[in-house]
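User: I would like to go through this model with you, one topic at a time. Please keep the answers plain.

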Amino acid sequence: MRIGELAARAGTTTRTLRYYESRGLLTARRTGNGYRTYDEDDLKLLRQIRTLQDCGFDLEETRPFVECLRAGHPEGDSCPASLVVYRRKLAELDALIEQLTSVRAQVGAQLARAEAAVPGGPEPTCELGGHG
């Protein structure tokens, strides 16, 4: 299939496909007249990339999954390098959840103080740390 058809079937744009190609995540074959051609395996790669990105993985984090599929494995997450990325992402998510839980507790405490404050009392302060 040509680039436009692949983009349509994958729910993306030809520009995105060219970008993935420039990053080495997608490899186009060329016809005699220079057109890029792709097959169902390329569509599977793109679906893997899109699924991971929808879950918050950045493009470079998808590379081990793509390489796993290219190596002939039936699923992109059936290789050790992919499992490492999953574990790292879960640790990042756990850290974010912990940070957000802390911020939520601070905001809840500020709200409780503000609601209990008498008119003219001190202004509540919010010390939200750990940004970055």
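User: How are α1 and α2 oriented to each other?

Analyst: α1 and α2 are roughly perpendicular to each other; angles of 65 to 115 degrees count as roughly perpendicular, under 35 as roughly parallel, over 145 as roughly antiparallel and the rest as oblique. In this predicted model, local features need pLDDT of at least 70 and side-chain atom pairs count only at pLDDT 80 or more, while totals for chains, interfaces and linings use all residues. Residues are numbered from 1 along each chain as its sequence is written, and side-chain values use heavy atoms, with hydrogens and water left out.

User: At what angle do the axes of α1 and α2 cross?

Analyst: They cross at roughly 100° and come within 9 Å, α2 being residues 14-22. Axes here are lines fitted to C-alpha atoms, for helices over the stretch in contact, and angles run from 0 to 180 degrees between N-to-C directions.

User: Which residues meet there?

Analyst: Ile3, Gly4, Leu6 and Ala7 of α1 meet Thr14, Leu17 and Arg18 of α2, where contact means heavy atoms within 4.5 Å. These residues divide into 4 nonpolar, 2 polar and 1 charged. In that scheme Ala, Val, Leu, Ile, Met, Phe, Trp, Tyr, Cys and Pro are nonpolar, Asp, Glu, Lys and Arg are charged, and the others, Gly among them, are polar.

User: And what is the angle between α1 and α3?

Analyst: Helix α1 (residues 3-10) and helix α3 (residues 40-54) pack at about 40°, with axes 10 Å apart. The two are therefore oblique to each other. Their crossing is right-handed; a crossing is right-handed if the near helix is turned clockwise from the far one by less than a right angle, and left-handed if anticlockwise. Leu6, Arg9 and Ala10 of α1 make the contact with Glu40, Asp42, Leu43, Leu46, Arg47 and Arg50 of α3. That set holds 4 nonpolar, no polar and 5 charged residues.

User: Stepping back, how many helices and strands are there?

Analyst: The protein chain has 5 helices and 2 strands, in the order α-α-β-β-α-α-α along the sequence. Helices (H or I, at least four residues) and strands (E, at least two) are DSSP runs, numbered from the N terminus.

User: New topic. Which cysteines form a disulfide?

Analyst: Cys68 is joined to Cys79, with an S to S distance of 2.1 Å; a disulfide is a pair of cysteine sulfur atoms within 2.5 Å. The link is right-handed, with 80° about the S-S bond. Cys68 lies in helix α4 (residues 63-70) and Cys79 in the loop between α4 and α5 (80-116), so the pair ties together parts that are 11 residues apart in sequence.

User: Is Cys68 buried or exposed?

Analyst: Cys68 is buried at 2% relative accessible area, and Cys79 is buried at 13%. Cys55, by contrast, is exposed at 52%. Buried means under 20% relative accessible area, exposed over 50% and partly exposed in between (1.4 Å probe, protein chains only).

User: How do α4 and α5 pack?

Analyst: They pack at about 160°, with axes 8 Å apart, and are therefore roughly antiparallel to each other. The crossing is left-handed. Pro64, Phe65 and Cys68 of α4 make the contact with Ala81, Ser82, Val85 and Tyr86 of α5. These divide into 6 nonpolar, 1 polar and no charged residues.
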